[in-house]
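Hi,

Here is the structure I promised to pass on. Have a look at it first, and then read on for what turned up.

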Amino acid sequence: MLIRKMTEADLDEVCVIEQETFSEPWSKDDFCKALRDINNGYLVAEVRDEIIGYCGYWGIAGEGNIYNMAVKKEYRRQCIGFYLLEHLIKEAVKGGISSFTLEVRSSNEAAIRLYERLGFQATAIRKDFYTKPKEDAVIMWLGPIQ
């Protein structure tokens with residue numbers, strides 16, 4: 001598996017995963033805008049020239065907000081998400097990000113466990129954050145990282 005920076009050439013494959021994973025997926029244009037912002041970082045995981053996962057953050061004043069994280073269904077539960085996020089965090093820290101936050105559906109126990117393995121801690125609940133279906137979000141934080 002190769003983990004590398006996401007490029008616009010990856011977006012067709014990324015958007016297929018995004019559509020299959022989320023009830024309110026980002027568009028290709030959303031990802032293009034995110035990639036063009038120098039404060040952000042986005043990575044893909046690739047196996048045999050196939051994008052199998054991706055993750056990214058938006059950076060603001062030393063804080064990274066992890067907005068996107070998904071792995072193709074047939075590649076889940078193989079630590080790909082763990083390695084992607086671990087790599088993303090290391091790269092972000094090199095670039096001056098020292099704390100990270102994210103929201104995750106309260107019912108997504110697998111994702112919550114993954115984030116906890118990386119050191120994130122649940123700090124609050126954001127009521128009715130998600131729609132389709134309506135659900136609370138768990139707000140999780142990591143850091144500050146030295």
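Let's start with one side chain: is Trp26 buried or exposed? Trp26 counts as buried because its relative accessibility is 17%, where buried means under 20% relative accessible area, exposed over 50% and partly exposed in between, for a 1.4 Å probe and protein chains only.

Before you go further, a word on the source: this is a predicted model, so local features need pLDDT of at least 70 and side-chain atom pairs count only at pLDDT 80 or more, while totals for chains, interfaces and linings use all residues. Residues are numbered from 1 along each chain as its sequence is written, and side-chain values use heavy atoms, with hydrogens and water left out.

**Aromatic rings**

A pair of aromatic rings is described by the distance of the centres and the angle of the planes. The rule here is that rings of Phe, Tyr and Trp (its six-membered ring) pair if their centres lie within 6.5 Å; planes under 30 degrees apart are called stacked, over 60 edge-to-face, and the rest tilted. That rule gives nine aromatic pairs. One of them joins Trp26 to Phe31, a tilted pair with 5.1 Å from centre to centre and 55° between the planes. Phe31 counts as buried because its relative accessibility is 0%.

Trp26 also pairs with Tyr67, again tilted, at 6.1 Å centre to centre and 45° between the planes. Trp26 sits in the loop between helix H1 (11–21) and helix H2 (28–36), and Tyr67 in strand S4 (residues 63–71), so this pair ties together parts that are 41 residues apart in sequence. (Helices, H or I with at least four residues, and strands, E with at least two, are DSSP runs numbered from the N terminus.) Tyr67 has a relative accessible area of 45%, so this residue is partly exposed.

Elsewhere, Arg117 lies over the face of Phe82, 4.3 Å from the ring centre. For that label, NZ of Lys or CZ of Arg has to be within 6 Å of the ring centre and within 35 degrees of the ring normal.

**Cysteines**

How many disulfides are there? The count is zero, with a disulfide taken as a pair of cysteine sulfur atoms within 2.5 Å. Cys55 is buried, at a relative accessible area of 0%, whereas Cys79 is partly exposed, at 35%.

Asn40 is in strand S2 (residues 40–47) and is buried, with 12% relative accessibility. Which residues does Asn40 touch, leaving aside its neighbours within four places in sequence? They are Ala34, Tyr57, Trp58 and Gly59, where contact means heavy atoms within 4.5 Å. Gly59 is worth a click: its C-alpha atom is 5.2 Å from that of Asn40, although the two are 19 residues apart along the chain. A polar atom of the Asn40 side chain also lies 3.4 Å from the backbone nitrogen of Gly59.

Asp10 is in the loop between strand S1 (2–5) and H1. Asp10 is buried too, with a relative accessible area of 6%. Setting aside neighbours within four places in sequence, Asp10 is in contact with Arg4, Lys5, Val44 and Ile51.

Most residues other than glycine have a negative phi, and most peptide bonds are trans. Here are some exceptions to look up:

- Lys132 and Pro133 are joined by a cis peptide bond, with omega about 0°. Pro133 is in the loop between strand S6 (121–130) and strand S7 (135–142).
- Lys132 is not a glycine, yet has a positive phi of about 55°. At 59% relative accessibility, Lys132 is exposed.
- Gly143 to Pro144 is a cis peptide bond, with omega near 5°. Pro144 is in the segment after S7.
- Asp128, found in strand S6, has a positive phi of about 50° without being a glycine. Asp128 is partly exposed, with a relative accessible area of 38%.

Enjoy exploring!

Key. A polar contact is a pair of N or O atoms within 3.5 Å; within protein, one must be able to donate a hydrogen and the other to accept it, and residues adjacent in sequence count only if both atoms are side-chain atoms.
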